[in-house]
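Q: Hey, can we go through this protein together? I'd like to start with the charged side chains and then move on to the strands.

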Amino acid sequence: MPSFDTVLEADLVEVKNAVDQVAREVGTRFDFKGTSAAIELKEKDITLFGDADFQLQQVEEVLRNKLAKRNVDVRFLDMGKVEKIGGDKVKQVVTVKNGISSEDGKKIQQAIKGAKLKVQGAIQGDAVRVTGAKRDDLQAAMALIRSEMKDLPLSFNNFRD
């Protein structure tokens, strides 16, 4: 039976390269000289450091630009709260989303059921597998999922015929 998987996966290699570029740019930019502005990546968490909220916003803007140039959707970024860390310095943890949450998986399943397409959606870990009898139904399901879940940068893989 034809099927495909709906997944939410960022290209972590490109994210790492973008963070490295941002770190280089922060180190050489004139307006960041002599400040504590920095960026670091641990697993799927990007930590932004700065002297003030304004500086964090500048580092975040540079990060968004570098990710966009490397074709990584900025909707993968989950911005955390700005925290004070001793003195007048601040930090912000940005999480890179990976995997569809169970509530988003349920929304995808409900959208498929509500559309009355001849396909079934099944949550499998952090992906949603959609199976159907005809390839055209699967393509209609892809279009439906894209239109219903605009806030998530979903991709489709493992297409079987």
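Q: What does the side chain of lysine 89 meet in a salt bridge?
A: Keep in mind that this is a predicted model. In it, lysine 89 pairs with the side chain of aspartate 51, at 3.7 Å from N to O.

Q: And where do those two sit in the chain?
A: Lysine 89 is in the loop between S4 and S5, while aspartate 51 is in the loop between S3 and H2. They are 38 residues apart, so this pair links distant parts of the chain.

Q: Is aspartate 51 buried or partly exposed?
A: Aspartate 51 counts as partly exposed, at 22% relative accessibility. Lysine 89 is also in the partly exposed class, at 33%.

Q: OK, how many salt bridges does the structure hold?
A: Eleven. One of them joins aspartate 5 and arginine 129, at 2.7 Å from N to O.

Q: What does that pair tie together?
A: Aspartate 5 belongs to strand S1 (residues 3-7) and arginine 129 to strand S7, so the bridge ties parts that are 124 residues apart in sequence. Aspartate 5 is buried, with a relative accessible area of 11%, whereas arginine 129 is partly exposed at 24%.

Q: Which residues are linked in a network of salt bridges?
A: That would be Glu25, Arg29, Asp31 and Lys66. Within it, arginine 29 and glutamate 25 meet at 3.4 Å, N to O.

Q: Switching to strands: in what order do the four strands of the open sheet come?
A: The order is S2-S3-S5-S4, with antiparallel pairing. Strand S2 (38-42) and strand S4 (77-84) are the edges, each pairing on one side only. From one strand to the next, the twist averages 20°.

Q: Which helices pack on it?
A: Helix H1 (residues 12-28) does, touching S2, S3 and S5, and its direction makes about 160° with that of S2. Helix H2 (residues 53-69) packs there too and touches S2, S3, S4 and S5; its direction makes about 140° with that of S3.

Q: How many bridges join S3 to S5?
A: Six, between residues 45-50 of S3 and residues 90-96 of S5. For example, isoleucine 46 has valine 94 as its bridge partner in S5.

Q: And what about S6, which strand is that joined to?
A: Strand S6 (residues 119-124) runs antiparallel to strand S7 (residues 127-132), and six bridges join them. Glycine 121 stands opposite valine 130 there. Their hairpin has two residues between the strands, and glycine 125 takes a positive phi near 70°.

How values were computed. Residues are numbered from 1 along each chain as its sequence is written. This is a predicted model: local features need pLDDT of at least 70, side-chain atom pairs count only at pLDDT 80 or more; totals for chains, interfaces and linings use all residues. Side-chain values use heavy atoms; hydrogens and water are left out. Two strands pair if DSSP finds at least two bridges between them. Axes are lines fitted to C-alpha atoms, for helices over the stretch in contact, and angles run from 0 to 180 degrees between N-to-C directions. Contact means heavy atoms within 4.5 Å. A salt bridge is a side-chain nitrogen of Lys or Arg within 4 Å of a carboxyl oxygen of Asp or Glu. Buried means under 20% relative accessible area, exposed over 50%, partly exposed in between (1.4 Å probe, protein chains only).
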